[in-house]
Amino acid sequence: MKKSVVIIGAGLGGLFTGAILAKEGFQVTILEKNTTIGGGLQTFKRFGEVFDTGMHVIGGMQEGGNIRKICRYLGILDKVQMKDVDDNCADRLYFAEDNRFYTIAKGRDGFVNSLAESFPDERLNLEKYVEAVLSLSSQIDLFNLRPSGDMKPLFTHSDDLIMPADAFIAKYINDHRLRSVLAYMNPLYGGRPDFTPAYIHVIITTLYIRGASHFVGGSSRFADLLASVVISHGGQVLPGDGVEWIEVNDRHVDFVRTHSGKQYISDYYISDVHPCNMLELMDKRAFPKSYRNRLNDIPNTHSAFSLYVKLKPGTFPYFNHTEYYMTHYNDVWQCSRTDKPWPLGFLLMTPPVDHQGPFARKVLVTAPMPFEMVERWKDTTVGHRGVDYELWKQQKAEELLTHIEDIHPDFRQCIEAINTSSPLTIRDYYAVKGGSICGFAKNCKNIVFSQVPVITKVSNLFLTGQNINLHGFCGVALTAVTTCEAILGINYVINKINTCAN
């Protein structure tokens, strides 16, 4: 008979994990509290447009990329709808401090050449930096879907991978402005100076150098593809009835109970919710106090405030890259500080739609924001936060729009309608502690403390999702592989993926 597994949460991690296990013969049931699946891949409809809830820039989908290989193994590659960013402009940066724009091209040579135009004296250093980034990422077995002899964490390969990311950049680059430019992706992983380990910077930079992609027509399409793999292999994905209790006895899960009172009994259980939220679903005696304290003591990365803008037809151009706005060069590493005026930076993109033409239909803007900025409403619920909260959101939207017009004058005249979300939205819809968008913060000075293994001390309970090992689209997919191999055996899934790729 098939082994069975219940997965708590239909976010990207739960869906990837469920799809892999379903393909390998497990009877998979995924339980999701929201009425729509996908976690950060969820979309919503406003003003007649479909909006992604997250800022999705996906690496690993180019030929030979790790995500592309996983999609081929799952049998969905030909159904994935993505648009590669432009070769000559993968990202466009703006620093308000000196009104400077920088264009980042993709590819090893494109990356170096585009930045060397602004920093000609650093060309040789840029070449050494890129060589170091690509060389270090090539050493990481999981990132390259390469069989390994054990389940050691990502950071055990080289001392350079666990040094502070800002120190890693400074090791190769002399110009202080260029150091900040090279750290422009910090909002995607909550980078902090003398804190964030270099392996996070190395992996994400490698993905972007090789080439990134955007979802076409909404990120929920990808969530639906993963769900279709589960369903086609006899499993089920059940939204709208989340788990409210996990019954644990003698370090073994006996069953889970949903809000509707249904009980699910399985051979294995996998949690895709934030580990601290997971602890709230079970008796305190399920895990040792030391384990619970450790999880609760790990700091979380920043949250975010987002604008979802519907544009007037034919008024704003579509651009096939992401734009990054930074206030000051030194603030690139401080994007979620509370002692400086907000926002310190933001990301802006025009998500592609089916049959995308020269004009954009919508704009998505995401600005890092510490949860402390919404602390006064922390005990409120969706739709019941009060007039002062709505006025506060309007004020923050206006502040963002003012900065947007630094790079796109008269942007307000292109707007037909606006919707907003805050860290409270992320906390409540994603069930994420502090509304964190990048999971647990990784600390280069205490790497082990911020790493949470997929295997737990509850014998049949495993973890997946962005708080385990790596965050982001690529990181969550690779963590799902690790979670599945904890059940199926080391290198089992990786060997299957590579067999399909070849």
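What percentage of the 502 residues in the protein chain do buried residues make up?

Tutor: This is a predicted model, in which local features need pLDDT of at least 70 and side-chain atom pairs count only at pLDDT 80 or more, whereas totals for chains, interfaces and linings use all residues. Residues are numbered from 1 along each chain as its sequence is written, and side-chain values use heavy atoms, with hydrogens and water left out.

Buried residues (under 20% relative accessible area, 1.4 Å probe, protein chains only) make up 60% of the 502 residues in the protein chain. A search of the whole structure finds 28 aromatic pairs; rings of Phe, Tyr and Trp (its six-membered ring) pair if their centres lie within 6.5 Å, and planes under 30 degrees apart count as stacked, over 60 as edge-to-face and the rest as tilted.

One of them joins F16 and F222, a tilted pair with 5.8 Å centre to centre and 55° between the planes. F16 lies in helix α1 (residues 12-23) and F222 in helix α9 (residues 220-232), so this pair ties together parts 206 residues apart in sequence; helices are DSSP runs of H or I with at least four residues, and strands are runs of E with at least two, numbered from the N terminus. Both F16 and F222 are buried.

The rings of F305 and W392 have centres 5.8 Å apart and planes at 85°, so that pair is edge-to-face. Because F305 belongs to strand β15 (residues 303-311) and W392 to helix α12 (residues 387-407), the pair ties together parts 87 residues apart in sequence. F305 is buried, at a relative accessible area of 0%, and W392 counts as buried at 6%. Ring pairs also link F305 and W392 with W342, W377 and Y389 into a cluster.

Definitions and conventions
Buried means under 20% relative accessible area, exposed over 50%, partly exposed in between (1.4 Å probe, protein chains only).
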